[in-house]
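Please keep the sequence and the model in view while reading.

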Amino acid sequence: LTAFNRGGGGGGGGGPGHEFIEDGKPLVDEFIAMVLDMRESSKHLKIAISNKQNVSMLKRVYFETAAILPACSKIIGYDDGNVTEYLGDGLLAFFRVEKEKSKAVCYAAHRAAAGCMKAMRDIVNPIFYSRYQLPPVQIGIGLAVSNAIITLTGHGNFVKPTAFGICVFNASKLSKGFDEVIVDAALERKWPTAPDGTLRFVHRRMDDIDGYLLPCD
């Protein structure tokens, strides 16, 4: 296999923003990485809860991941993000930063993150409660920007395009908030500004890196 044609935006397993990636010829490009994490899913898996629907532990986590990850993947795809990996209780997506569209990509990542939060609050969690009497699921989203290397991973006929770099590391670290979207310092500096702009970032230290809370209301 010498080339890989990417899937559609948000399709889960598509390439991170390039039409073709040749085996043995990695590319370097700039991306905003998004990591979405379902918070405390391990507790949902290990701790039984009582309700009349008998949806608890493994069954509960199955319902949560089966609903949340495809819904958020679809939302990310609407803004030209590409989900490259499902991480069990989360996902990794990329927004390619083309130089002439840098401002638009920042806004697209913001819309996608806000859309995921809104879908959880207004659609998914109410359905969980009405059908199964489950408490609301909280998610954390980390956004970070950097250059990343794009390559094919896997073996034989089972290969897929992926990207990795400091943006992935930082986005993962910053996805530990509860119903929060947190961006890294590089993305905060890159964010478009306007004299009458109303968006305000609030500093938030996450693990060992500096982040900034991104309003999504």
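Which residues of H2 are buried? They are Arg 60, Val 61, Glu 64, Thr 65, Ile 68, Leu 69, Cys 72, Ser 73, Ile 75, Ile 76 and Gly 77, where buried means under 20% relative accessible area, exposed over 50%, and partly exposed in between (1.4 Å probe, protein chains only). The model is predicted, so local features need pLDDT of at least 70 and side-chain atom pairs count only at pLDDT 80 or more, while totals for chains, interfaces and linings use all residues. Residues are numbered from 1 along each chain as its sequence is written, and side-chain values use heavy atoms, with hydrogens and water left out.

**The chain as a whole**

- The protein chain contains five helices and ten strands; helices (H or I, at least four residues) and strands (E, at least two) are DSSP runs, numbered from the N terminus.
- Of its 217 residues, 46% count as buried.
- Among contacts (heavy atoms within 4.5 Å) in the protein chain with a separation of 6 or more, 67% come from residues 24 or more positions apart.
- The protein chain exposes about 11200 Å², and carbon and sulfur atoms supply 54% of that area; accessible areas come from the Shrake-Rupley method with a 1.4 Å probe, and for residues only the protein chains shown count as cover.

**Helix H2 and its surroundings**

- Helix H2 (residues 58-78) has 21 residues and reaches 31 Å from its first C-alpha to its last. This is close to the 30 Å expected at 1.5 Å a residue, the expected span being 1.5 Å times one less than the number of residues.
- The cover over the buried residues of H2 includes strand E3 (27-38), helix H1 (41-46), strand E4 (82-86), strand E5 (90-96) and helix H3 (102-132).
- Leu 58 lies in H2 and is exposed, with a relative accessible area of 63%.
- Just after H2, Asp 80 takes a positive phi of about 65 degrees.

- Strands E4 and E5 pair in the antiparallel sense over four bridges; two strands pair if DSSP finds at least two bridges between them.
- Tyr 86 stands opposite Leu 91 in E5.
- The two strands form a hairpin with three residues between them, and Gly 88 in the turn has a positive phi of about 85 degrees.

- Five of the five residues of strand E8 (residues 180-184) are buried, so E8 is largely enclosed by the rest of the structure.
- In a regular strand, side chains alternate between the two faces of the sheet.
- Glu 180, Ile 182 and Asp 184 point one way from E8, whereas Val 181 and Val 183 point the other way.
- Strand E6 (residues 139-155) runs parallel to E8 and is joined to E8 by four bridges; Val 181 in E8 is the bridge partner of Ile 141.
- Strand E10 (residues 209-213) runs antiparallel to E8, with three bridges between them, and Val 183 stands opposite Tyr 212 in E10.

**Ser 102 in helix H3**

- Ser 102 belongs to helix H3 and is buried, with a relative accessible area of 18%.
- Leaving aside residues up to four places away in sequence, Ser 102 touches Val 97 and Lys 190.
- Ser 102 and Glu 30 are 72 residues apart in sequence and 9.9 Å apart in space, C-alpha to C-alpha.
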